[in-house]
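Q: Please take a close look at one chain of this model. I would like to follow how its parts meet each other and how they meet the neighbouring chain.

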Amino acid sequence: MSYLPCGTYFESYADDHKWWRTSFIQGKMIFMLVVLAILPYVVDSQWLSVAYTINYYILAGLGVQLLIGYCGQITLGHAAFVAVGGYTCAMMLLLVPWPQFMVDGGLAYPVTIVCAGLLAGAWSVLFGLPSARVKGFYLIMTTMAAQWITVPLVITQYVAQIGGRGQAFAIPPDMIKIGPWVIDTDTKIYYFSVVLVGICLLAMGNMVRSKLGRAWIAIRDNDIAAETMGVNIVVYKLIAFWVAGFFAGVAGAFYLSALFFVSPEHYEWFFSLLWVGIILIGGVGSIQGLVFGAAFVVIVFKLLEIAVMSASSALMAINPELGWMTTKFIFFKEASFGLAIILFLIYEPNGLSYRYWQLKNYFNLWPFSYTGK
Amino acid sequence: MAENNKILKINNIEVRYHEVILVLKGVSIEVPEGGIVALLGANGAGKSTTLKAVSGLLGHEDGDITDGSIEFLGEKIHRLPAEQISKRGIFQIIEGRRVFDHLTVEENLLVGAHLRPSGLKERLETVYHYFPRLRERRTVMAGFVSGGEQQMCVIGRAMMALPKLMLLDEPSMGLAPLLIKEIFEIIQRLNREERIPILLVEQNVKLALTVAPHAYVMENGRIVMDDTSEKLKENPDIRDFYLGLTDVGGRKSFREVKHYKRRKRWLA
């Protein structure tokens with residue numbers, strides 16, 4: 001060879017597949033974990049709730065990222081599966097006659113989380129069945145059907161009527177308990193969410209770099225070629241739907257710990273769109289992208305909220321007669337979300353994760369990059 | 001050759017698209033154990049359709065085998081879905097280099113091992129032994145490697161599956177002549193050293209006839225000729241129509257074009 005290659009090269013297959021391959025990555029990840037650990041001591045509870053909302057969106061978006069980003073099955077009804085998870089968890093906590101030792105030992109809530117995942121997964125497979133026959137735009141319609149059938153019909157009209165409670169189910173606060181820890185403060189919710197997100201991201205990361213994930217990506221990139229390689233397309237699509245539904249169910253069950261009640265308006269179609277938007281902003285087909293997208297959307301929403309609040313209070317201070325104008329600001333959030341997606345599709349079609357990748361490459365080669373300039 | 005040596009037998013199959021368009025009008029092909037068989041013919045003759053019929057991919061194009069049968073190792077496979085057929089060891093390399101763009105070259109190879117996930121490292125080493133260029137490019141996304149490397153990747157991917165029969169659809173499509181030569185040499189070596197039987201569809205008749213000892217010529221959904229390559233190379237029609245070697249040589253006159261058409265009609 002006439003040139004000497006530079007950079008990090010790995011000698012064995014095992015080195016290739018390590019999670020933390022270089023000491024720099026190791027340091028970076030440990031730094032990130034430390035930041036996550038000390039965050040509650042640095043920020044106030046308002047921003048802590050932003051942090052766990054980000055984590056909730058990551059959990060819910062994982063399934064969307066898996067289906068759209070990895071398996072190529074466009075879904076616009078993911079809030080339905082989150083709803084199934086949330087309601088399963090709430091109904092089980094309220095209606096199952098838990099033995100006293102499970103309530104005291106804090107086992108009831110973890111069990112319901114798993115059940116919520118399993119049931120949401122099954123529900124998701126049900127609506128994934130059409131994917132055996134239809135692709136692309138037609139699949140969007142069938143997944144939208146999941147949303148309309150699940151939330152406004154099944155949950156609002158039937159599930160929410162159980163026990164004559166009306167629509168919302170409030171959870172007794174001491175039921176949300178894992179082992180000895182009662183999850184009742186923002187800090188605890190935050191730590192709980194970090195642990196859940198950690199587990200789910202690890203599971204997802206391992207899945208997409210295994211045989212399962214390669215089969216999904218193969219189906220996304222070229223389903224006919226995947227079929228000739230012996231990948232059973234229908235089965236793998238349904239596995240993708242099941243796993244996506246499972247993550248959604250876990251997300252729904254988790255959010256119960258933050259809200260202490262469930263109600264159909266937390267699972268509106270807007271959220272299905274929001275999660276698709278998050279992965280568009282963050283980057284399709286990248287787990288990092290999901291994290292970036294969720295953080296971006298939630299933080300921008302929060303900043304807009306603060307801006308609108310301070311603008312309206314300033315307006316009120318100048319002239320209380322103009323108070324009606326503040327109501328006109330309320331829908332800025334949704335509008336800005338639409339605008340953000342449009343801007344991202346035009347200027348950053350590969351999402352934030354692509355920008356991050358470029359940044360990493362720049363610093364990998366810095367100061368001797370060979371851009372030809 | 002003895003009858004029991006044939007691993008693939010296509011018996012007089014008829015294929016229809018959309019239930020009306022008759023594409024294959026009774027095609028019979030036999031592939032011997034450890035051999036290379038070439039399937040030649042002009043565009044639209046039905047070569048790719050024949051391969052798709054074997055590998056079970058007709059369903060994607062609303063095609064169906066309406067008559068005849070396909071036997072692989074003594075088992076009738078023409079009613080099986082594609083992934084069942086690949087489970088039995090038939091792997092098609094679809095035309096047009098269908099790599100999985102967003103997987104690295106190595107991950108592409110690993111998808112090939114989907115059905116036989118043991119002993120991956122040894123098999124990867126075998127593939128890299130035949131295609132040293134793939135080893136250099138193994139961490140690059142397959143969508144970003146050159147066309148020749150993609151073709152190697154696709155052939156390597158099929159090798160990873162330890163095929164009992166490889167169906168190669170136009171491996172030379174859109175590649176530089178030198179690269180085509182290289183790829184064909186590797187195909188020949190694969191057949192010789194790994195004993196993988198190959199059914200090869202090819203437009204490049206000259207090259208195909210040097211690689212394959214036996215060839216079928218298709219036209220209009222029928223097999224019109226079937227002979228050893230040596231004899232086919234000598235056949236005046238093949239020389240005329242496929243190899244472009246006329247005895248007269250040079251430019252064809254209008255009269256010869258008429259003669260060409262007349263002969264071709266007779267051939268079909």
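A: Two residues are in contact if their C-beta atoms, placed from the backbone, lie within 7 Å. The model is a predicted one. On that rule, 25 residues of chain B are in contact with 17 residues of chain A. On the chain B side, the elements that give two or more residues are helix H2 (82-87), strand S6 (90-93) and H3 of chain B. Sorted by class, this side of chain B has 11 nonpolar, 7 polar and 7 charged residues.

Next come the parts of chain B itself. Chain B is divided into domain 1 (3-89 + 163-234) and domain 2 (101-161). Taken over C-alpha atoms, the centres of these two domains of chain B are separated by 23 Å. Their contact takes 12 residues from domain 1 of chain B and 10 residues from domain 2 of chain B. On the domain 1 side, H2 and helix H7 (177-193) of chain B are the elements that give two or more residues. H7(B) gives the most to that side, with 5 residues. The residues on the domain 1 side divide into 8 nonpolar, 2 polar and 2 charged.

The nonpolar core comes next. The largest nonpolar core has 172 residues, and those with the most contacts inside it are A:Leu59, A:Val250, B:Val37 and B:Leu200. Helix H11 (residues 233-259) of chain A gives the most to this core, with 15 residues. Domain 1 and domain 2 of chain B both give residues to this core, so the core lies between them.

One helix of chain B remains to be described. In helix H4 (residues 120-130) of chain B, the residues B:Arg123, B:Leu124 and B:Val127 are buried. They lie on the same side of H4(B), because they cover an arc of only 105° around the axis. An α-helix has 3.6 residues a turn, so residues three or four places apart point the same way. The buried residues of H4(B) pack against helix H3 (105-112), helix H5 (132-136) and helix H6 (147-160) of chain B. On the face of H4(B) turned away from the buried side are the exposed residues B:Lys121, B:Glu122, B:Glu125 and B:His129.

Conventions
Residues numbered from 1 in each chain as written. Chains lettered and ligands numbered in written order. Predicted model: local features only at pLDDT ≥ 70, side-chain atom pairs only at ≥ 80, totals over all residues. Buried ≥ 20, exposed ≤ 12 C-beta atoms within 10 Å, placed from the backbone. Helix = DSSP H or I, 4+ residues; strand = E, 2+ residues; numbered from the N terminus. Arc of directions from axis to C-beta. Core = buried A, V, L, I, M, F, W, Y, C linked by C-beta atoms within 7 Å. Domains from an automatic or database assignment. Nonpolar A, V, L, I, M, F, W, Y, C, P; charged D, E, K, R; others polar.
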